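Student: I'd like to learn how to read a ligand site and the backbone around it. Can we go through one together?

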Amino acid sequence: MAPHFLIRGGRQLSGAVRVGGMKNAALPILFALLLVRDEVVLENLPPVTDIETTLQILCQMGAELTRISPTAIRINTKNADPDAVPLNLTTELRASAYLLGAGLGRFGRATTGLPGGCDFGARPLDQHFRLLEALGAVIAPEENLLCASAPGGLRGAKLRLDFPSVGATVNGILAAALAEGTTIISGAAREPHIVDLANFLNACGAQIAGAGTSTIRIDGVSRLHGTRYRIIPDMIEAGTYLCAVCGTGGGLRLDDICPAHLDPVLLPLRKMGAEIAVSESHLTAKRTGALYGTVLETAPYPGFPTDMQPQFAPLLCLSRGGGRIYERVWNSRFQYTAELERMGGRILPGKDFADFPGGDRLTGARVRATDLRGGAALVIAGLCAEGMTELYDIRHIERGYPQLVEKLTAIGAEIACGND
Ligand code: UD1
């Protein structure tokens, strides 16, 4: 039995979509719960498999979990046991690397399986290790395992990251929140999910300043207390629906968004012909005229997000004039283009870029999702294509898009989940 999406393309999208909470903000916050030995209520959690897997990891470690609704939980990690980490689950997602910072901060030691997640070639952890070691941790990578301990306790330190790595910045904040003294991370990642993690921890009594800038200062505190916290809206989910309507034509209203986070995505969409009107917590977007090409270059926030480049690829295929995507964050993030070619897209690969001559006619085909955002790109291609697309390996997509079929159906798409 292979679950798949069946998409009949060619229908314009119109209506409204409520955007869910941001997966990449929720995951660090869920691991941060280990630092808080108290009851926390989290709202706006996206109901996707990566979040479920993380909740299972926490529960198997001994967390007490009550589900308030599909998007809200009450959770207390006071009885969490560092020796009860389900290693088989940690290998299913990249964010399990955050067990290192959180485990060191809470227990003075941590073990996790080698983090999984999307395959973009090498996904090194050296910046994570440098930060944790600067704070006093000893990292001992074993076969298929990462073990860390802090024999003398964690002490604040100053460190400059070589690259504004989101993951390393998260691990640094997690390890430093309860460490003795002050930690200063320069060259830090500035993504909205970093700000959300700092806001959550500060709501629990942490002393973190500068999140959202390149220099973050963390004054260690001795304990954290419970809180109620709402996860920020998912700018990547929002951007994905915007690309979909820009591809099919039509008009869409997105509710529950944070417009400022979307600026790096709105800029190229406008260049490509979308008309977008933004208000405080929602926006409307439509494309009624031609679709134009553009050049995109991924970069750390506030640059154009690497997590949005695949979703623009089908638009560039269809566009008048074509364009180019430079991928500057990951050295291997164009695997999805081979699938897009099966649908009639013309893509010319370069060293760290892909060229799109444009003017293509996309036609339905049997394709597979190679990773989460690459899978989203194929959904968009299917919505824009003539005929039927059968999209397999949708487990990648289910890691990050809540109720995708329901939300797309509600705005006029012909998409169903099949199982054969
Ligand atoms: C990155 C993205 C994030 C996205 C996620 C999944 C950036 C800056 N980060 O986060 O927005 O949600 O992928 O697609 O866009 N690196 C090292 N050593 C390390 C850590 C990272 O060399 O220890 C390099 C990586 O090889 C990569 C870059 O830094 O080239 C970005 O890594 P990082 O931000 O840590 O990745 P994620 O946290 O997974």
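Predicted model: local features only at pLDDT ≥ 70, side-chain atom pairs only at ≥ 80, totals over all residues.

Student: Which pocket does the ligand take up here?

Tutor: The largest pocket is the space taken by the ligand. Two elements, α5 (126-134) and α6 (166-176), each give two or more residues to the shell around it. The largest share, three residues, is from α5.

Student: Which residues come nearest to the ligand?

Tutor: For "near", look for a heavy atom within 4 Å. There are 19 residues around the ligand, and Gln127, Ser165, Val166, Asp307 and Val329 come nearest. By type, the shell holds eight nonpolar, six polar and five charged residues.

Student: And which domains do they come from?

Tutor: Domain 1 (3-20 + 233-419) and domain 2 (23-230) each supply at least three residues to the shell.

Student: How do I pick out polar contacts?

Tutor: Look for pairs of N or O atoms within 3.5 Å. Ser165 has a side-chain N or O atom 2.5 Å from an oxygen atom of the ligand. Asp126 places a polar side-chain atom 2.8 Å from a ligand nitrogen atom. For Asp307, a polar side-chain atom is 2.5 Å from an oxygen atom of the ligand. As for cover, the ligand taken alone exposes 720 Å², and the protein buries 84% of that.

Student: What about the backbone? Where is there a cis peptide bond?

Tutor: Check omega: the bond joining Tyr301 and Pro302 is cis, with omega at about 10°. Pro302 sits in the loop between β17 (295-297) and α10 (309-318).

Student: Which residue other than glycine has a positive phi?

Tutor: That's Asn144, with phi near 65°. You'll find Asn144 in the loop between β7 (138-142) and β8 (145-149).

Technical notes: Residues numbered from 1 in each chain as written. Heavy atoms only, no water. Polar contact = N/O pair within 3.5 Å; in protein donor to acceptor, adjacent residues only side chain to side chain. Areas by Shrake-Rupley, 256 points an atom, 1.4 Å probe, with all protein chains shown as cover. 1 Å grid on protein atoms, 1.4 Å probe; cavity = no way out; pocket = protein on both sides within 12 Å on 5 of 7 lines; lining within 4 Å. Sits in = over half its atoms within 2 Å of the grid points. Helix = DSSP H or I, 4+ residues; strand = E, 2+ residues; numbered from the N terminus. Nonpolar A, V, L, I, M, F, W, Y, C, P; charged D, E, K, R; others polar. Domains from an automatic or database assignment.
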